Amino acid sequence: MKIEDIDRFAERVGFPTRRSFSDLSDLYPRLERFSSLVAAAEREAIAQSLDKQADLAGDPMDREWAQEMAAAIRARSRT
């Protein structure tokens, strides 16, 4: 992947590109925010996957485990 591809993707999703910063000190706070948003989205995707697993579980113990894991992952987002 080329740096130009990354810049095009950043522009498409509304994230500032490397050309839009006067120095790197402006970049770090934005990268921290972006990475926390990505982590939150990843946690929610995993929790949704566990919700589906709970819906499909034939065993009540498996269903309860998946529900507990989904709840624990969502609780992690609030800490």
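1. Val 13 sits in the loop between helix 1 (3-12) and helix 2; helices here are DSSP runs of H or I with at least four residues, numbered from the N terminus. At 45% relative accessibility, Val 13 counts as partly exposed, a class that lies between buried (under 20% relative accessible area) and exposed (over 50%), with a 1.4 Å probe and protein chains only.

2. A word on the basis: this is a predicted model, where local features need pLDDT of at least 70, side-chain atom pairs count only at pLDDT 80 or more, and totals for chains, interfaces and linings use all residues. Residues are numbered from 1 along each chain as its sequence is written, and side-chain values use heavy atoms, leaving out hydrogens and water.

3. Now to the salt bridges, of which the structure holds two; the criterion is a side-chain nitrogen of Lys or Arg within 4 Å of a carboxyl oxygen of Asp or Glu. Glu 44 pairs with Arg 74, their closest N and O atoms being 3.1 Å apart. Glu 44 lies in helix 2 and Arg 74 in helix 3, so this pair ties together parts that are 30 residues apart in sequence.

4. Arg 74 also forms a salt bridge with Asp 51, at 2.7 Å between the closest N and O atoms. Asp 51 belongs to helix 2, so here the parts tied together are 23 residues apart in sequence. Shared partners join Glu 44, Asp 51 and Arg 74 into one network.

Terms used. Helix = DSSP H or I, 4+ residues; strand = E, 2+ residues; numbered from the N terminus.
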